[in-house]
Every structure is written in C-alpha cells, then in structure tokens.
Amino acid sequence: MTESQGNAPSRRRERFPEISSRAYEHPADRSALVALRKLSGFDTVFKALSGLLPERSLRLLFLSDSVRVGDAQFAHLHSMLRDACYILDLEKVPAMYVTQDPRPNAMCIGLDEPIIVVTTGLVELLDEEEMRAVVGHEVGHALSGHSVYRTVLLFLTSLALKVAWIPLGNMAIMAIVTALREWFRKSELSADRAGLLVGQDLQASMRGLMKIAGGNHLHEMNVDAFLAQAEEYEAGGDLRDSVLKILNVLPRSHPFTTVRAAELKKWAESRDYQRIMDGHYPRRTEDKDTSVSDSFRESASHYAESVRTSKDPLMKLVGDLAGGAGDLGSKLRDKFAGGGSGTGGNGSPGA
C-alpha cells in the first residue's frame, strides 16, 4: 500500500488483487449467489423492481439526516474505508454514512450502488482495529453483491407488515422473507471472513464481536470463555432446546454473536484462509466460468459435514437417522425427554 493513497497502514497487511468474493463466501451463501448471477433475466427483474423499492428514498434520507464520511467528516473512517477497498481491490469506494443510533449496528444496502451505514453506537464502541474489521465486513458485502438482496429483504419485510391483514398474501411474503433471512445469516458469516481479510487481526475481530454482545467491558470478558459459550450453545440441551434454537434464530438477520465468533475462528485456522493469505484464491475473471452445480455440490457437502460433526442434539439425530442407526421412535422419545440412550433404574430416561 502506498503513501499516495493516504491509507498506509500501521502494520503490513496483504492485499488481494482481483480477488473474487467466492474466495471468502460461506458455501451456502456462495451457491445461492452463483445461481442468482447465472439466472437469465435476473438483472432485468431487479431493475424493474427498483422503481418499487425505497432505495432512492433511503439515499435521500441518509444524505439529509446522517453524516457522510469523507476527508472532512469522520476522516479516520474514510481512511479505513479506502483501505478496505484497496485490500479487497474494490475499484469504486462506496458511499458511507454515520447515523445517530445508540445501538451498535452497520449495514450495506442499495441496488444500483451500495451504501454503507454505521451507527454512532458502533463507532463509539469499537477501537480502530475492531472498526477496521467491521468496515471490511461491509466492503465484503458490497463486493459480494449482498446489498441488492438486503435491500429486497428490507422491502419485503416492510411489505409483510403492510399486508399483514391479508392472511395468504402475508404468508407468501413471509415465506420468502424467512428464506432470505436464512441466506442472509450465511452471508453475514461470509462478510465476517472479508472483515478478517481486511483487518488480518483475528483478536480484533473477536474483540469486536464480544463488544457487540457484551458492551465496552473487555476487562470483564475473555475470548476463550466467550467461545466456550458457543460450544455450550451448540451441544447443550435436548431436542426441545434444538427446536427453540431454530425458533429463536428465525426472525434474525444475523447469526448469534458467539456462533459468529466460533465460525470465524474455525475459518481463520483453516487451510482455505491460509491459501488466500499466500495469494492462492479465485479471481473475478474466473467468475463467469463458475458452475452452478459445482457450487450446489459444495454447499451440500458442507451441510452434510456440518450434520456429521455437529454436537447439536437435533443434528446428531438427523445424522444417526441418515446413517440408518437405531429406531426413530425410541430416539425421539429419548432425545425429547432430555436423556441419552440409557435409562434410569425405573425404566425412565436417564438424566
């Protein structure tokens, strides 16, 4: 990185020329995006939708009632933004706004051009390196094209509220919203990876997630203990807890924070991450040759492996049944009762 760009980092970080977003995308996110990009007429449909979506209204709203980041306003954020675009080789720097909101949050929206918005609560909560990871996260959304689908999700969520009095209409829209939310949760894992590629400081990424979960009290928190929560969340309880986990996550656009931290740490320790850092990654020039079927096979393989290695009671049961192990009725009875395969002395499931 050169001084002429005004983005010289305080420490050396790798840059990734022509990196394709496929390099860091979660398999489920990647397969959906590849399919959408290959879908004939997809761009035309969304351009037609753009007249209905509130994108122009949102742009005017942020322009008139938020602070646009630049050389004269929030200059340190502007430097981070240009730096992130340089690292990920995103040619056009997106517009970025700071909006007054005590809740720590950030988003990337827009159909034609992405807009990044961060709240004052987030800016005040994070230190420089933690914020760098967040800015890289949002630039990752922009590079992947997530802003398009996030804008559609916001529109459909708003529409569902307006037609809630129409039972069938609301059900149809909410089915699409639920599917979009499931995809978007996976896209958040992708963007977390992009944030790590930009910041190249796993501890800063972990600290940022911990602060989002527990506030500005790092002296009271511990990374290992925080990650242990994710382990306990995945493995703990019985099938009733597994069902509750699903119900809890359905209305959310983001995965739970401990889960994000655990997923990011696992990826940072993977061979895929090391290969990117060594300069071996897919380029954008190769995107047009990407096979939809290959992407879906990779996604299916990922989910199969996730089921096989998961410690969640429901996923373990699915894995057992897929492997032809045991009787469905007895397994369901044992799992929902909160016990294992053994029984107590009175024949009831063991504790």
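**Close-up views of a predicted model**

**View 1. Strand S4 and its partners.** Four bridges join strand S3 (residues 106-109) to S4, and the two run antiparallel. Strands here are DSSP runs (E, at least two residues) and helices are DSSP runs (H or I, at least four), numbered from the N terminus. Two strands pair if DSSP finds at least two bridges between them. The model is predicted: local features need pLDDT of at least 70, side-chain atom pairs count only at pLDDT 80 or more, and totals for chains, interfaces and linings use all residues. Residues are numbered from 1 along each chain as its sequence is written, and side-chain values use heavy atoms, with hydrogens and water left out.

S3 and S4 form a hairpin with five residues between them. Gly 110, in the turn, has a positive phi of about 125°. Strand S2 (residues 95-99) runs parallel to S4, joined by five bridges. Ile 116 of S4 is the bridge partner of Cys 108 and also of Met 96.

**View 2. The two faces of S4.** Strand S4 spans residues 115-119, and five of its five residues are buried. Buried means under 20% relative accessible area, exposed over 50%, and partly exposed in between (1.4 Å probe, protein chains only). In a regular strand, side chains alternate between the two faces of the sheet. Ile 115, Val 117 and Thr 119 point one way from S4. Ile 116 and Val 118 point the other way.

View 3. H12 (residues 257-268) has twelve residues and reaches 16 Å from its first C-alpha to its last. That is close to the 16 Å expected at 1.5 Å a residue, where the expected span is 1.5 Å times one less than the number of residues. Buried residues of H12 include Arg 260, Leu 264 and Trp 267. Thr 258 lies in this helix. Thr 258 is buried because its relative accessible area is 13%. Leaving out residues up to four places away in sequence, Thr 258 touches Phe 226, Gln 229 and Ala 230; contact means heavy atoms within 4.5 Å.

**View 4. The largest cavity.** About 50 Å³ of space lies in the largest cavity. A cavity is a set of points on a 1 Å grid over the protein atoms alone where a 1.4 Å probe fits but cannot get out; lining residues have an atom within 4 Å of a point. H12 gives the most to the lining, with four residues.

Notes:
On a 1 Å grid over the protein atoms alone, a cavity is a set of points where a 1.4 Å probe fits but cannot get out, and a pocket is an open set with protein on both sides within 12 Å along at least five of seven lines; lining residues have an atom within 4 Å of a point. Grid points are joined across faces, edges and corners, and a volume is the space filled by probe spheres set on the points.
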